[in-house]
Amino acid sequence: MNVVIESDLEREADSGRSSRLQSYLLEARFEFLRVLRTPAFAVPTLLFPPLFYLLFGLLLNRNSANAAHYLFATYSVFGVMAPALFGFGVGIAIERERGWLSLKRVAPMPPGAYLLAKMAMAGLFALIIYLVLATMAFTLGGVRLEAWKWLLLGSIAVCGVLPFCALGLMIGSRANASGAPALINLIYLPMAFLSGLWMPLNLLPEFIGRMAPLWPAYHLSQLALATLGHGDGSSVTPHLAALVGFTVVCFVIARRWLARAA
Amino acid sequence: MIVATDKLACLESASKHFGSVLALDGVDLQVYRGQVLALLGPNGAGKTTAISLLLGLQQPDSGSALLFGQSPQSLSARRRLGAMLQTAGVPDTLTAGELLTLFRSYYPRPRTIADSVAMAGIEELLGVRYGRLSGGQQRRVQFALAICGRPEILFFDEPTTGLDIEARETLWKTIRQLVAEGCAVVLTTHYLEEAEALADHVSVLARGRIIAAGSVPQIRARVSQRRVRCVSRLPAAAIAAWPEVRSVERDGERIEIVTDSAESVVRQLLFEDSGLTELEVRRAGLAEAFVEITREAA
């Protein structure tokens with residue numbers, strides 16, 4: 001009798017596990033379909049960084065190979081920030097405000113599935129943007145790297161979405177849907193400038209350079225630059241630690257806000 | 001063993017503030033297996049807040065909310081419920097079939113797609129994107145999402161708002177069928193006939209408090225008034241002067257009298273007018289009771 005009950009419970013736990021895995025996969029698949037069917041989000045997010053790079057990184061900087069390498073690294077960082085910040089920030093603000101998040105929580109979706117699906121989307125967008133930028137850098141910018149450096153920079157770009165996902169999550173769990181895009185632009189563009197993504201920090205006023213370690217984009221760009229031999233020569237560990245710390249803090253705050261919001 | 005008095009969900013002297021507004025003020029509610037509880041009340045009475053507490057979307061400031069004896073936020077409690085919220089915010093870009101597939105994956109033993117689709121009556125909508133459905137069709141898809149997990153308790157916040165009469169009847173039929181299978185239902189509604197058609201227990205909320213609770217006949221009996229209609233030549237002004245007559249209205253040769261004591265009024269009518277025809281006495285419906293109870297509370 002007991003044996004029967006136990007095996008029943010086990011089977012139930014098993015089916016629970018497999019259906020949870022299925023939830024994760026379905027969640028990611030439908031998040032992908034949703035974005036694919038919303039070209040108004042996907043197209044500008046994918047086009048904006050390459051256009052910006054083309055204009056300011058390639059056309060206006062035709063002189064030195066040094067500058068081309070520097071700008072390729074920093075524009076890669078600039079490019080991967082957008083899908084993470086907007087995908088999370090605006091996406092979650094909308095879904096929270098419209099009640100979709102509440103319904104899914106009650107339903108009850110596994111909480112991790114929702115975030116992982118959105119992270120996977122941000123990672124995918126980052127990869128596409130990186131590939132476009134790399135192609136442009138190679139063909140138009142004269143950037144030449146060893147194969148492993150292309151790969152390493154690509155993985156930095158894809159993994160680099162995480163701190164910005166966490167920041168976007170934090171914004172999305174508080175901001176209202178109509179205000180979120182403006183708020184994110186207000187963070188995204190100044191942070192890119194202040195982190196030296198558009199122009200090396202040593203060409204900017206000194207106080208901007210001194211403030212730079214406050215921004216996650218600065219630390220990510222230092223990782224990218226170190227890969228290309230353009231770092232400041234110091235260890236990358238503090239930058240890595242700053243990024244991890246920033247991600248964790250944003251995530252913890254976002255979790256608390258989200259729990260209160262719905 | 002399933003006990004008839006199995007308590008599935010309850011609020012115990014639950015209160016909830018939003019800023020300075022007291023949305024719920026010490027509310028007690030119990031929902032038992034196989035029972036349909038209707039929460040009635042004017043807008044802003046606290047119906048949606050009560051549901052949010054039971055679903056764990058809000059936490060009470062004081063008192064408690066329990067679902068299957070646990071916190072409503074626990075995943076194991078939520079796997080046993082289904083819900084149709086007032087604002088669902090379903091993404092426009094996914095099809096009804098995709099949404100159903102996703103929601104079924106959340107539950108350990110979901111209904112089959114075919115069953116869910118048939119119960120909600122959305123056979124021909126499966127391949128259509130949610131944003132292209134009419135309001136009524138969207139409600140039916142939301143209903144399918146609510147029942148696809150084979151829930152033991154269902155929460156409906158204004159389920160038939162925006163549905164035409166036929167769709168509403170179909171939904172009621174399905175809800176009755178689920179209840180017959182032992183499912184409990186909590187519904188908030190503006191439509192009194194909906195409560196009358198479905199509920200075996202009604203709680204009337206006003207300004208965050210429960211001001212009346214009981215079966216539909218019990219609530220109706222809270223109002224002693226009855227309506228007497230007939231065709232008579234008696235002058236309305238004379239009838240209005242009788243004791244226990246609340247109001248008299250004449251419409252052509254017809255007279256309608258609202259009274260607390262139908263028996264004595266009828267006796268008097270027949271005594272004074274031997275030519276009286278088409279006599280009819282009706283107890284006040286839930287609608288009249290509701291108006292009366294909320295007026296008393298105000």
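## Close-up views of a predicted two-chain model

**View 1. Strand E6(B) is covered on both of its faces.** On one side sit Ile153(B), Phe155(B) and Asp157(B), on the other Leu154(B) and Phe156(B), and every one of these is buried. Keep in mind as you look around that this is a predicted model. In a regular strand, side chains alternate between the two faces of the sheet. How many of the five residues of strand E6 of chain B are buried? Five of the five, along residues 153-157, so the strand is largely enclosed by the rest of the structure.

**View 2. E6(B) has parallel partners in E5(B) and E7(B).** Let us begin with strand E5 of chain B, residues 81-84, which pairs with E6(B) in the parallel sense over four bridges. Here Gly82(B) has Leu154(B) of E6(B) as its bridge partner. Next comes strand E7 of chain B, residues 184-189, which runs parallel to E6(B) and is joined to it by five bridges. In this pairing, Val186(B) of E7(B) is the residue opposite Phe155(B). To get from E6(B) to E7(B), the chain passes through helix H6 of chain B, residues 165-180, in a right-handed β-α-β crossover.

**View 3. Chains A and B meet in a contact that takes residues from each.** Chain B supplies 21 residues and chain A supplies 24 residues. Which elements give two or more residues to the side of chain B that touches chain A? They are helix H2 (75-78) and helix H3 (96-104) of chain B. H3(B) gives the most to this side, with four residues. Sorted by class, the side of chain B that touches chain A has 13 nonpolar, five polar and three charged residues.

**View 4. Leu133(A) is a buried residue in helix H5 of chain A.** The helix covers residues 111-139. Ser173(A) is 40 residues from Leu133(A) along the chain, and 31 Å separate their C-alpha atoms.

**View 5. Chain B is divided into two parts, domain 1 and domain 2.** Domain 1 covers 7-221, while domain 2 covers 226-284. Taken over C-alpha atoms, the centres of these two domains of chain B are 43 Å apart. The C-alpha trace of chain B spans about 70 × 45 × 40 Å along its principal axes. Its secondary structure comes to eleven helices and 13 strands. Of the 298 residues of chain B, 43% count as buried. Among contacts in chain B between residues at least 6 apart in sequence, 69% join residues at least 24 apart.

**View 6. Confidence in chain B is lowest in helix H11(B) and highest in H3(B).** Over chain B, pLDDT averages 87, and 95% of the residues score at least 70. The model scores ipTM 0.81 and pTM 0.81.

Note on methods:
Residues are numbered from 1 along each chain as its sequence is written. Chains are lettered from A and ligands numbered from 1 in the order in which they are written. This is a predicted model: local features need pLDDT of at least 70, side-chain atom pairs count only at pLDDT 80 or more; totals for chains, interfaces and linings use all residues. A residue is buried if 20 or more other C-beta atoms lie within 10 Å of its own, exposed if 12 or fewer, and partly exposed in between; C-beta atoms are placed from the backbone. Two strands pair if DSSP finds at least two bridges between them. A crossover is right-handed if, with the strands pointing away from the viewer, the path from the first strand over the helix to the second runs clockwise. Two residues are in contact if their C-beta atoms, placed from the backbone, lie within 7 Å. Ala, Val, Leu, Ile, Met, Phe, Trp, Tyr, Cys and Pro count as nonpolar, Asp, Glu, Lys and Arg as charged, and the others, Gly among them, as polar. Domain bounds come from an automatic or database domain assignment. pLDDT is the predictor's confidence in each residue, from 0 to 100.
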